[in-house]
Amino acid sequence: GDMKSFEPAVLGVSELYMPTTVAVDGENLILSSWPDNVVWRWDPAAHSLIEEYRNVEMPLNAIRFGDKMIVAELGTSSIVELSGTSPEDRNTLIDGLAMPIGLAEDDGNLWVSDSAIGAVFQIAADGQFLSEPLMVAEGLAGPEGLAVAHDGTLLVVEAGAGRLSRIDLVTGEVTPIAENLALGVVSPAAVPTAFFNGVSVGEDGAVYVTGDVENLLYQLTLSTQ
């Protein structure tokens with residue numbers, strides 16, 4: 001039968017089929033769905049779809065960076081920028097990755113995690129894309145979600161170890177800050193990271209981490225360095 005006939009309502013509507021990531025885009029939201037092979041821009045106040053990007057290949061994550069949509073694609077093992085929704089509105093920024101999934105931006109800087117390689121790369125600085133990705137941390141255990149903390153360090157969910165860690169972007173030092181988190185489901189599906197574990201930082205500095213093992217949300221308070 002038609003799988004979509006059983007799709008759940010998301011945010012009170014059913015146009016969005018199995019979103020796997022969400023990112024804030026001003027007053028709007030950006031959602032990606034690798035099962036449905038699509039990225040959406042959604043207006044939660046009006047409950048309306050703004051844009052639907054079908055010019056993607058198995059998107060594992062998507063965020064806004066300046067006026068462009070940045071997508072981590074498993075289908076092409078690359079990071080692409082979308083300037084529109086047509087097939088030609090694509091520009092490959094970085095290719096040759098294994099499983100790009102986590103994305104974070106801050107003040108013109110852009111980072112991506114590769115859960116298979118176990119590394120985090122910077123791919124833009126001061127609003128300009130780098131010609132080659134700069135590795136900022138390696139030896140990580142299945143890095144997924146990324147977020148910039150208020151102290152300027154980069155938070156990373158190490159799904160392979162059930163922990164949240166902090167990356168010092170100056171020294172590259174990685175420090176665990178929360179262990180034994182109930183996250184890191186290994187999926188037998190085509191996408192091992194089928195259940196994305198994200199991290200987000202609130203305006204008050206509180207940190208939120210999703211836990212796919214027990215379907216929960218952690219709220220953490222970071223100690224100052």
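Because the model is predicted, local features need pLDDT of at least 70 and side-chain atom pairs count only at pLDDT 80 or more, whereas totals for chains, interfaces and linings use all residues. Residues are numbered from 1 along each chain as its sequence is written, and side-chain values use heavy atoms, with hydrogens and water left out.

The protein has zero helices and 19 strands; both are DSSP runs numbered from the N terminus, helices being H or I of at least four residues and strands E of at least two. Of its 225 residues, 49% count as buried, where buried means under 20% relative accessible area, exposed over 50% and partly exposed in between, with a 1.4 Å probe and protein chains only. Among the contacts with a separation of 6 or more, 37% are made by residues 24 or more positions apart, a contact being heavy atoms within 4.5 Å.

Two strands pair if DSSP finds at least two bridges between them. Val39 stands opposite Tyr53 in E4. The two strands form a hairpin with four residues between them, and His47 in the turn has a positive phi of about 55°.

Further on, four strands form an open sheet in the order E9-E10-E11-E12, with antiparallel pairing. Its edge strands are E9 (100-106) and E12 (128-137), each of which pairs on one side only. The twist averages 25° from one strand to the next; axes are lines fitted to C-alpha atoms, for helices over the stretch in contact, and angles run from 0 to 180 degrees between N-to-C directions. Within this sheet, five bridges join E11 (residues 119-125) to E12, and Ala124 stands opposite Phe129 in E12.

A second open sheet of four strands has the order E13-E14-E15-E16, again with antiparallel pairing. E13 (143-148) and E16 (174-178) stand at the edges with a single partner strand each, so one side of each is left without a neighbour in the sheet. Here the twist averages 30° from one strand to the next. What surrounds E13? Six of the six residues of E13 are buried, so this strand is largely enclosed by the rest of the structure. E13 pairs with E14 (residues 154-158) over four bridges, and Ala147 stands opposite Leu155 in E14. These two strands form a hairpin with five residues between them, in whose turn Gly152 has a positive phi of about 90°. Four bridges also join E15 (residues 163-167) to E16, where Val174 is the bridge partner of Ile167.

Rolling a probe the size of a water molecule over the atoms shows where empty space is left. The largest pocket has a volume of about 1300 Å³. On a 1 Å grid over the protein atoms alone, a pocket is an open set of points where a 1.4 Å probe fits, with protein on both sides within 12 Å along at least five of seven lines, and lining residues have an atom within 4 Å of a point. Grid points are joined across faces, edges and corners, and the volume is the space filled by probe spheres set on the points. The pocket is lined by 46 residues, of which Val22, Ala23, Phe196, Val199 and Ser200 lie nearest its centre. Strands that each supply at least two residues of this lining include E2 (28-33), E5 (59-65), E9 and E13, and the largest share, five residues, comes from E1. The lining divides into 26 nonpolar, 14 polar and six charged residues; Ala, Val, Leu, Ile, Met, Phe, Trp, Tyr, Cys and Pro count as nonpolar, Asp, Glu, Lys and Arg as charged, and the others, Gly among them, as polar.
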